[in-house]
Amino acid sequence: MKKTSILLVSLMVVVSLLMSACGPAATEAPPAEEPTEEPAVEESTEEPVEEPTEEPAEEPASEAIEIRWFIGLGAGGNPEEIEVEEAFVERFNAEHGDQYTLVMDIVPNETAYDVLKTQIASGDVPDIVGPVGVRGLASFEGAWLDLSPYIEAADYDLSDFNPELVEFYQFGTDQQLFLPFAVYPAALFYNKDLFDEAGLDYPPHEWGAPYADGDEWTFDKLRDLAMFLTVDADGNDAAMEEFDPDNIVQFGYDGTWQDIRADWTYFGAASFVGPDGNAQMPEVWRDAAHWYYDGMWSDWFIPNSSYVNSDLLAQGNPFGSGKVAMCPTKSWYTCCTQDATNYDIAAIPSYEGDITSELHADTFGILKAVENPEAAFGVLSLFVGEYAPDLLEVYGGLPARTSQQGEAMDTMAENFPDLDLQVFVDALNYPDNPSHESAMPNFLKASDTYATFGGTYETTPGLDLDAELDKLVEDLQAVFDEVQ
């Protein structure tokens, strides 16, 4: 919850481009000029006419369409990745060189946003951009090509994708802006040792199922467990009158490495941008803000900023410290659990009857200004289809294609044999739509604005929280107005 970090499928129908080549008129010009000498004309007209008729038959191989692939907004710029990408491009061109010539344009991540922005402004845009996450895509809202007509023209089969993922990539429009590729669904990570020590049943693994005692699995139920699992140095839990909030040695819950939009979205998918384009505070997020704030400053089961950055909680990796019982986060966090080795994953609780599993997802996009959208879509189809397994090996993630998830889970199980990985797969039925990383006017400055608020409420007790939330809306509106 505290630190915004960051980090960090396959049978498809490929668009077939019909290419034709005609002999240039210039090759027929000599015969047109030579009829002044009849004998010579008869012989000379045969050579120029016959030779050009053979050359066009070979021209399609030399007229492959160049596809510039922009890499840098997301993964792909590390030396070890570049080495694999270069080998991939070599293989791709060997297998599809009669149609396309794939050329990489690798830009360092720290400058990629500005470089792409400049390219868009100049009209010299790449053909394909990616891999890139939702936040990166949202940074260029309005610049992406609607793939719908190309999907229809190719009779492109979407049935191998979870329909929720297809809709997710419409970004709240009636356009299919992207196709699913790599996904990182969220689940509730929990420390089995801490549950066992407390004599508590584990959270349910089945989405929508009740807790072991029959109670509905909600955020209120999670709060009850989290308070019991929060312990001070004398062994008192957070529900006891003797509990000492200044000497907590174990916490019940933390949204590790997530900002406030991510934290609040587990209560329900929403946005700071209202239907009219103005700033808003969705009621479900207001409820979530109170739940989290109370959890830090009065119920004590969520670590505040001072605890998060302490040695106790591994200086910013609370669940990984082994001192936090539950943490909702994405599948990529399996990389970083450190001392919390004996853990498993469960379903996210519901709030007011709705379940939301946040989704991080990477894919490839095509810009509206692309010169040859048909060719770009053809290559994109290959990227998320025939070559998806190869690219997923480079960039990671769970395949978005259902037909590939079984094999991917088997591979992941070799590294994480004790995790119920089906929980991640089932989480794809509950993606946050709109995404917690969705677009906002003046995106980067708006992000800084809500991050500043997050820093305040994570470090300051005693706030009039509703007043602060209302002030956040005012601040966001001022930022939005700068570009509207």
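Phenylalanine 171 lies in the loop between helix 8 and strand 4 (182-191) of this predicted model. Although phenylalanine 171 is not a glycine, its phi is positive, at about 55°. The residue is partly exposed, with a relative accessible area of 27%. Glutamate 352, in the loop between strand 9 (350-351) and strand 10 (354-355), also has a positive phi, near 50°. Glutamate 352 counts as exposed, at 67% relative accessibility.

| Cis peptide bond | Omega | Location of the proline |
|---|---|---|
| Glycine 130 to proline 131 | near 5° | strand 3 (residues 128-133) |
| Asparagine 433 to proline 434 | about 15° | loop between helix 17 (422-427) and helix 18 |

Helix 18 (residues 443-459) has 17 residues, which should span 24 Å at 1.5 Å a residue; the end C-alpha atoms are 25 Å apart, in agreement with that expectation. The buried residues of helix 18 are Phe443, Ala446, Ser447, Thr449, Tyr450, Phe453, Gly454, Tyr457 and Glu458. Because these residues cover an arc of only 165° around the axis, they lie on the same side of helix 18. Asp448 and Thr452, on the other side, are exposed. The buried residues of helix 18 pack against helix 6 (134-138), helix 11 (260-265), helix 12 (283-297), helix 13 (305-308) and helix 19 (465-481).

Aspartate 160 is located in the loop between helix 7 (148-153) and helix 8 (163-168). With a relative accessible area of 14%, aspartate 160 is buried. Its side chain makes a polar contact with the side chain of serine 403, at 2.6 Å.

How values were computed. Residues are numbered from 1 along each chain as its sequence is written. This is a predicted model: local features need pLDDT of at least 70, side-chain atom pairs count only at pLDDT 80 or more; totals for chains, interfaces and linings use all residues. Side-chain values use heavy atoms; hydrogens and water are left out. Helices (H or I, at least four residues) and strands (E, at least two) are DSSP runs, numbered from the N terminus. Buried means under 20% relative accessible area, exposed over 50%, partly exposed in between (1.4 Å probe, protein chains only). A polar contact is a pair of N or O atoms within 3.5 Å; within protein, one must be able to donate a hydrogen and the other to accept it, and residues adjacent in sequence count only if both atoms are side-chain atoms. The expected span of a helix is 1.5 Å times one less than its number of residues. The arc is that of the directions from the helix axis to the C-beta atoms. Contact means heavy atoms within 4.5 Å.
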